[in-house]
Amino acid sequence: MTSYVPSITIPSQVFAQPAASILLPIALGTGIGFAVRPVDTERTYLALKQPPYRPPPYVFGPAWTVLYGLMGYSAYRAWTTGMASFNPETRELTKQGATLYTIQLALNLLWMPLFFGLKRPIAATVDIVALTGLTGYLTYIWGQVDVVAGWALVPYMGWLSFATYLTVGVGYLNDWNLADKERERPPGRKSTTKYVDEGSEKKAL
């Protein structure tokens, strides 16, 4: 059972306001995405050996915007419904969920710097496995507080499961080493980078 820890939990004023609750994860996720540099992220993504069913890069931005919005809406629904309850157990579950929500958001924001920034797929895998498990527990807790809040996290849980598959698959197929997957193209080429997998595939042919 997770305890409510105010010192590491997003302030209740954020959860109580729908706009703030929804926009906070969207803004933080967007900020992290730009901090890691989208162009470099896309180049790395396209250079890596991928498991089946990998989505194209342009899918991730819109998908995460929707998921972050649903995440924030779930937090708003759970907090306003739970804290208005006269049942002390419901109020306690609501506050416990708020701490879990904050931790899972931190783990969520950490994944991209680990995977694309530091190129550490093992650490990123540990992060996303912990994130998925924590979010599953949060969905269970907040689902007891408010059914809508619980269901609002279901698409997020589905995407995290898929993202875990991609993370593990990419790590395995690339020997858990993402550090050397791009190199400069020879002068005269239009693009500024060449992916090492392209070169190895040509040699194999």
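Which handedness, left or right, does the crossing of H4 and H5 have? The crossing of H4 and H5 is left-handed, and the legends below place it among the other close-up views. The model is predicted, with local features requiring pLDDT of at least 70, side-chain atom pairs counted only at pLDDT 80 or more, and totals for chains, interfaces and linings using all residues. Residues are numbered from 1 along each chain as its sequence is written, and side-chain values use heavy atoms, with hydrogens and water left out.

**Figure 1. Overview of the chain.** The chain holds 9 helices and 2 strands, where helices (H or I, at least four residues) and strands (E, at least two) are DSSP runs numbered from the N terminus. In order from the N terminus, the elements run α-α-α-α-α-α-α-α-β-β-α. Of the 205 residues, 42% are buried; buried means under 20% relative accessible area, exposed over 50%, and partly exposed in between, with a 1.4 Å probe and protein chains only. Contact means heavy atoms within 4.5 Å. Among contacts between residues at least 6 apart in sequence, 73% join residues at least 24 apart.

**Figure 2. Packing of H4 against H5.** The axes of H4 and H5 come within 8 Å and cross at roughly 160°; axes are lines fitted to C-alpha atoms, for helices over the stretch in contact, and angles run from 0 to 180 degrees between N-to-C directions. H4 and H5 are therefore roughly antiparallel to each other (angles under 35 degrees count as roughly parallel, over 145 as roughly antiparallel, 65 to 115 as roughly perpendicular and the rest as oblique). The crossing is left-handed, a term for a near helix turned anticlockwise from the far one by less than a right angle, with right-handed used if clockwise. H4 contributes residues including Trp64, Tyr68, Met71 and Trp79 to the contact, and H5 contributes residues including Thr90, Arg91, Lys95 and Tyr101. By class, the contact has 11 nonpolar, 6 polar and 2 charged residues; Ala, Val, Leu, Ile, Met, Phe, Trp, Tyr, Cys and Pro count as nonpolar, Asp, Glu, Lys and Arg as charged, and the others, Gly among them, as polar.

Figure 3. Thr90 is found in helix H5 and counts as buried because its relative accessibility is 17%. Leaving aside neighbours within four places in sequence, Thr90 is in contact with Gly82, Ser85 and Val145. The C-alpha atoms of Thr90 and Ala78 are separated by 10.0 Å, although these residues lie 12 residues apart along the chain.

**Figure 4. Packing of H4 against H8.** Helix H4 (residues 60–83) and helix H8 (residues 154–173) have axes that come within 9 Å and cross at roughly 140°. That angle makes H4 oblique to H8, and the crossing of H4 and H8 is left-handed. On the H4 side the contact is made by Phe60, Ala63, Trp64, Leu67, Leu70 and Met71, and on the H8 side by Pro155, Tyr156, Trp159 and Leu160. The contact of H4 with H8 has 10 nonpolar residues, with no polar and no charged ones.

**Figure 5. Packing of H2 against H4.** The axes of helix H2 (residues 18–35) and H4 come within 8 Å and cross at roughly 145°. The crossing of H2 and H4 is right-handed. Pro18, Ser21, Ile22, Pro25, Ile26 and Gly29 of H2 meet H4 residues that include Tyr68, Met71, Tyr73 and Tyr76. This contact of H2 with H4 divides into 9 nonpolar, 5 polar and no charged residues.

**Figure 6. The largest nonpolar core.** A nonpolar core is a set of buried Ala, Val, Leu, Ile, Met, Phe, Trp, Tyr and Cys residues joined through side-chain atoms within 4.5 Å. The largest such core has 29 residues, of which Phe15, Trp64, Met71, Tyr101, Leu105, Trp142 and Tyr156 touch the most other members. Two or more residues each come from helix H1 (12–16), H4, helix H5 (88–117), helix H6 (121–145) and H8. H4 gives the largest share of this core, 8 residues. Apart from this core lies another, of 12 residues, among them Leu48, Phe116, Ile128 and Val170.

**Figure 7. Loop residues with positive phi.** Tyr53, in the loop between helix H3 (38–47) and H4, has a phi near 70°, a positive value in a residue other than glycine. Tyr53 counts as exposed, at 71% relative accessibility. Asp175 lies in the loop between H8 and strand E1 (182–184), and its phi is near 55°, likewise positive in a residue other than glycine. Asp175 counts as exposed, at 65% relative accessibility.
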